[in-house]
Amino acid sequence: MDDLISLAGLFAVAFVAATILPAQSEAALVALLIAGEHAPVPLVIAATIGNVLGSVTNWLLGRWAQHYRHRRWFPVSEQALDRATRWYRRWGRWSLLLRWAPGGGGALYVAAGVLREPLGSFLLLVTAAKAGRYVVVAAITLGFL
């Protein structure tokens, strides 16, 4: 039962970290790995799935709620969305692959939705980037790198 609670908690933190809310999924993953009570592979999978689904939430926000982007309550500032949109237009879908680093990706994923990136390519690139990041974090934490 502790494994399920830990995996669900990591999933939730990773989901929130991919949205516009502040959270550090890497820190949660590292803490669970250091505790040594859980197998690394399920932890990396839970973090990846949560983070990818949070990124899809941002994509959906851009895709379906873009006509609300000028409202005060819209969760991404106009400036951040404009900057992300310029970046996305310049580098295209490959910018999703390069957004493996924590922080700032939320606006880029909203921009991908606004610019109508197909969900299939979005999922493929974002999953590769997110999984790669968590694998590297786990490998460093466990002393493999």
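Colleague: Why is W87 called partly exposed?

Modeller: Its relative accessibility is 42%. Buried means under 20% relative accessible area, exposed over 50%, and partly exposed in between (1.4 Å probe, protein chains only). So W87 counts as partly exposed. This is a predicted model, where local features need pLDDT of at least 70, side-chain atom pairs count only at pLDDT 80 or more, and totals for chains, interfaces and linings use all residues. Residues are numbered from 1 along each chain as its sequence is written, and side-chain values use heavy atoms, with hydrogens and water left out.

Colleague: What about W91, buried, exposed or partly exposed?

Modeller: W91 has 42% relative accessibility, so W91 counts as partly exposed.

Colleague: Where do W87 and W91 lie?

Modeller: Both are in helix α4 (residues 78-91), four residues apart, about one turn of the helix. Helices are DSSP runs (H or I, at least four residues), numbered from the N terminus.

Colleague: How many aromatic pairs does the structure hold?

Modeller: Three. Rings of Phe, Tyr and Trp (its six-membered ring) pair if their centres lie within 6.5 Å; planes under 30 degrees apart count as stacked, over 60 as edge-to-face and the rest as tilted.

Colleague: Why is the pair of W59 and F122 called tilted?

Modeller: The ring centres are 6.0 Å apart and the planes stand at 35°, so the pair is tilted. W59 is in helix α3 (residues 40-64) and F122 in helix α7 (residues 119-141), 63 residues apart, so the pair links distant parts of the chain.

Colleague: How do you know whether W59 is buried or exposed?

Modeller: W59 has 5% relative accessibility, so W59 counts as buried. F122 is buried too, with a relative accessible area of 0%.

Methods: Helices (H or I, at least four residues) and strands (E, at least two) are DSSP runs, numbered from the N terminus.
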